[in-house]
Structure formats: C-alpha cells, structure tokens
Amino acid sequence: MPRPIQALIHADAMAHNLARARAAAPDAKVWAVVKANAYGHGIERAFDGLRSADGFALLDLAEAERVRACGWRGPVLLLEGAFEARDLELCSRLNLWHVVHCSQQIDWLAEHKTHQPHRVFLKMNSGMNRLGFAAASFRAAWARLNALPQVDEIALMTHYSDADGERGIAHQVAAFEAATHDLPGERSLSNSAAVLRHRLRSDWVRAGIMSYGSAPDFPTHDIAHWGLRPTMTLHTQLIATQVLQAGDSVGYGSSFTAPGPLRIGIAAVGYADGYPRHCGTGTPVLVNGVRTRTVGRVSMDMVAVDLTPTPDANIGSEVTLWGCGPHGSQLPIDEVAHAAGTIGYELMCALAARVPVRVAE
Ligand SMILES: Cc1ncc(COP(=O)(O)O)c(C=O)c1O
C-alpha cells in the first residue's frame, strides 16, 4: 500500500471562485492566473475549473504551451513578457499576448519578424518598484510601441503592492491615472485583493489566489467572508497512536511536553510533503473532520496530533491538513499558513512532487 497521503483538487470550487471574481468585477474580463503551475494545483488539473475565464495569465512559455495543449484558443498573457528575443517567436506561433515592462523588450519586438502583429500589455511602475516603466518614461515607451508594425493593440497595466493591506491602492491609482489618462487602450489593474477590496474599473482583472480558495487579506478576512471555497485538500491518515504521561515529550527537540496524560496520533505527513516545518504546536488540523491541533515539531514524514477531541480516532483515521474534510468539515489553508508565519500562496505552491494528486469527483 502506498503512503496514505494525497492531495485533492476541487475543480468545481475553482469554477465557483472564478464566478465570485466575475460577480465582484461585473464589467471586467477575467484572467485566470495560472502561473507557478496554477499555484501548485497543476495547469491541466485546474483547466476544467477555470475554463470559464476570458484568458489565462502565466509566466513560462512552457506553461503557455500546456494551456494551448489543453485546447484553449483564447487569450494567453505572459505576465513578465519575453525573457529573451527568441521568446517572441513562440509568442507569434502560439498567439500569446505579452507584457512589455522594459525598453529591452521593445528593442526585441522592433527586431522581431512576424506577419502577425502582437497584442501587448504595457506595464507601468506605479509604486511597486518591481517591473514596469516609471511615470516619466511610460508615454515614450507607449509611443515607441505604437510606432512598431510588430504591435497592434496596446493595453495598459499596473500592479499594486498593498491591495491587501492598510496602505491600499489610492496612491498607485493616482500615479497610474496621471500618466495614462489620455492614452487609449484597455486597462488591467486588479489582482485578487484589489478585486475584492477595491471596486475600481478595470477592463481585465487578474484573479490569482482567490480562484484557489485563499483570502488575499487573511486574517483580516477569511474565505467565508469572501464566499470562496477551498480548491486543494491535503489529507492523510494516522499511522500510529501513543499515550503520553505528564512530562513525556514528543518529536525532535522535545519541543512539546505533555502537562498530563494525553493520547496523540502520528499522521503520515511532513515537511518533505510540503507541510511547513514552521507549524508549531497548536497548528489547526482535522481528525475525522474534528478540529484539533498539532503537537511538537513537524518532521520530514510525520507530525503528531492531539486526539483529545476525537477519542475514537485510531490507525487509519482521516487527517485533513488543509481543505475539505469528512462530513462537510473545512480547514482553510490560510489558517495553517498563518500558523507557519506564511501565506496560503506559499503552501499551495510548495506541495511536494512526492504527494499523489487527484482531481476530486
Ligand atoms: C502581475 C500579477 N498580476 C496578478 C497576480 C495575481 O495576484 P493574486 O494571486 O494576488 O490574485 C500576480 C501574482 O503575483 C501578479 O504578479
């Protein structure tokens, strides 16, 4: 028998979450963001759930090829554009739209031989300071692109640093507006947090994390608040139980010591599966759908859980690390990420290759 750990992908939940993005931005077209292998879900596994999107946004040419291989003939956007000049050949061949964020990418386009002019998204750096033209050089970049026979439509794009937090987006919206207000073209402005928290007009929104059932602004809001559903479940089983006496400890470093008699279970999951080692004692977990906590350090292949709330649990009992448990139970990935000092994005993306993944019925 293989190790009992498994990840389940819930395509119906993805479709539901994408519909939430549409409802929150009713006038916009929606990019389903499927970079990082659909945030760890697998592009092919996510495709069915996300196929009602207006387009797929991603980074790698290889991922773009996989989206086309799924049979998708609609828009595909490379969010960081070309990494070298010859990437544009595949853009022409697969009809990929691409971001232009620096002058070198315009130089490559100017040299590119194509019968099919490209659709580009010109990116402005409105304050994030990762990619994009600063306000002072944005219009010159637009004029240069507009003069190229290799380019047809130019959309305008920017990305917010604080859409999920207190600082918000007003300062970046103002900078973007000031630099672009009289330029033609569609706008693509909002990521998940901006879609949910800041109702601003955008022709294209870029729905990433919300499509995957994680709240972009947890713990301020959770997925129940935003009406989102988990799209990834990580579950396993108990492979042993132990009874600790007062003063007994568990796991490496003896980081947890039982204050009194305590029955624990040993679950077949560890950091080599992508369950974070930073999850300390008290991280929420479900046993047979009942909420309990981890105790002690996470090891490579195992973690201990407190069986106090589930006295009937035994070897073979179901353990849900995040996602959907039995009897309608749920453990949002954001709660586990929070306990590990990180965000849901990282846990999804870090699901280890050794974990078998199945699309749920
Ligand atoms: C340019 C860009 N747009 C959209 C997204 C999607 O963001 P989110 O997953 O927060 O919706 C990302 C993700 O990092 C991004 O880099």
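Start by selecting the shell around the ligand, whose residues divide into 3 nonpolar, 4 polar and 4 charged; in this count Ala, Val, Leu, Ile, Met, Phe, Trp, Tyr, Cys and Pro are nonpolar, Asp, Glu, Lys and Arg are charged, and the others, Gly among them, are polar. What you have open is a predicted model, in which local features need pLDDT of at least 70 and side-chain atom pairs count only at pLDDT 80 or more, while totals for chains, interfaces and linings use all residues. Residues are numbered from 1 along each chain as its sequence is written, and side-chain values use heavy atoms, with hydrogens and water left out.

Display K35, Y39, K123, R130, H159, N191, S192, R206, G208, I209 and Y345, which are the residues around the ligand, each having a heavy atom within 4 Å of it.

Next, look at the polar contacts, that is, pairs of N or O atoms within 3.5 Å. At S192, an N or O atom of the side chain is 2.5 Å from an oxygen atom of the ligand, and at K35 a polar side-chain atom lies 2.9 Å from a ligand oxygen. At G208 it is a polar backbone atom that is 3.0 Å from an oxygen atom of the ligand. The protein buries 90% of the 400 Å² that the ligand exposes when taken alone, by the Shrake-Rupley method with a 1.4 Å probe.

Finally, select the cysteines C279 and C349. The structure holds 0 disulfides, a disulfide being a pair of cysteine sulfur atoms within 2.5 Å. C279 is in no disulfide, and its nearest cysteine sulfur, that of C349, is 16 Å away. C279 counts as buried at 1% relative accessibility, whereas C349 counts as partly exposed at 40%, where buried means under 20% relative accessible area, exposed over 50% and partly exposed in between, with a 1.4 Å probe and protein chains only.

Technical notes:
A polar contact is a pair of N or O atoms within 3.5 Å; within protein, one must be able to donate a hydrogen and the other to accept it, and residues adjacent in sequence count only if both atoms are side-chain atoms.
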